[in-house]
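Open the model in your viewer and keep the sequence panel beside it. The tour goes stop by stop, with something to select at each one.

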Amino acid sequence: MSTEAPADPVPQPSAGLPNPPAGQGESALPTADAAYWEEAAASFDDEPDHGLRDPAVRSAWAARLRSWLPSAPAAVLDLGCGTGSLALLAAEQGHRVTGVDRSPRMIAQARGKLAGHDAAFLVGDAAEPPVGEQRFDAVLVRHVLWALPDPSAVLRHWAGLLAPGGRLVLVEGRWGEAEPIGIPAGELTALVEPLAAHTHVEDLSHDPVLWGKEVTDERYALIAGFPPGIPT
Ligand SMILES: C[S@@+](CC[C@H](N)C(=O)[O-])C[C@H]1O[C@@H](n2cnc3c(N)ncnc32)[C@H](O)[C@@H]1O
């Protein structure tokens, strides 16, 4: 398997980035290596869709997020939250955000970015977030699930973190041309459909404003609604 990082959703590796540990199967991807993200944190926001510094890009993500999250103020869990760019948009829309990321440097940036907002950030594993008995109206995950070792088990766990009537908002893709990496929408839908009451896939490839450029690979959001009873 290639260890070359894709142009998106991860930043280009700098010359000083460590190689991933050998012999870890799927986790031989640099993006599955915690040290990779610690190194990447300082420049992560330089990508247009990461830092959302361009008002047009920021506004495009804000509009999508508004349509994906509950309309009333809600408890949102942002897993693999990175520097907190989406968490900040959610907080600005009135939601109470809990962010979890394995990288302390990412979490430090997110805490700084959301200072003064109703938000909490925890260092921890997105696959098993350290949130105790707390339940959430929405679990938001952008560009993280594809790199986790067992997406099917992780999705079941995330479904269990939802309050009745909650939703999963999964922003994923399959990036690159020669050796694409990621998870196609059809594959993710097949994993989520048995758990959810309904799913909806939204194409994001054809909206260049989201990415700050034209893109040709597969990018999408999958929104999965759960019944107002106890989730599976
Ligand atoms: C491509 S970035 C996405 C960041 C953020 N979701 C966004 O869209 O801006 C991937 C993030 O997931 C985090 N991450 C990767 N594996 C993780 C894991 N097992 N548990 C928690 N965070 C993880 C990395 O530290 C990094 O911040």
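Predicted model: local features only at pLDDT ≥ 70, side-chain atom pairs only at ≥ 80, totals over all residues.

In sequence, Ala-159 and Leu-195 are 36 residues apart, yet their C-alpha atoms are 7.5 Å apart in space.

**Helix α6**

Select residues 151–160, which form helix α6. Which residues of α6 are buried? They are Val-154, Leu-155 and Trp-158. These residues lie on the same side of α6, because the arc they cover around the axis is only 100 degrees. The general rule is that an α-helix has 3.6 residues a turn, so residues three or four places apart point the same way.

Turn the view to the face of α6 directed away from the buried side: the exposed residues Ser-152 and Gly-160 are there. Then show β4 (136–142), β5 (162–175) and α7 (185–192), the elements against which the buried residues of α6 pack.

**Helices α3 and α4**

Next, select residues 55–68 for α3 and residues 85–92 for α4. How do these helices pack, in angle and in axis distance? The angle is about 65 degrees, and the axes are 10 Å apart. The crossing of α3 past α4 is right-handed.

Show the side chains at the contact: α3 supplies Trp-61, Ala-62 and Leu-65, while α4 supplies Leu-86, Leu-89 and Ala-90. By class, this contact has six nonpolar residues, with no polar and no charged ones.

**The whole chain**

Finally, zoom out and colour by secondary structure. The protein has eight helices and eight strands. It is 232 residues long, and 43% of the residues count as buried. Among contacts between residues at least 6 apart in sequence, 64% join residues at least 24 apart.

Notes:
Residues numbered from 1 in each chain as written. Buried ≥ 20, exposed ≤ 12 C-beta atoms within 10 Å, placed from the backbone. Helix = DSSP H or I, 4+ residues; strand = E, 2+ residues; numbered from the N terminus. Arc of directions from axis to C-beta. Contact = placed C-beta atoms within 7 Å. Axes fitted to C-alpha atoms, helices over the stretch in contact; angles between N-to-C directions. Left-handed = near helix turned anticlockwise from the far one by under 90°. Nonpolar A, V, L, I, M, F, W, Y, C, P; charged D, E, K, R; others polar.
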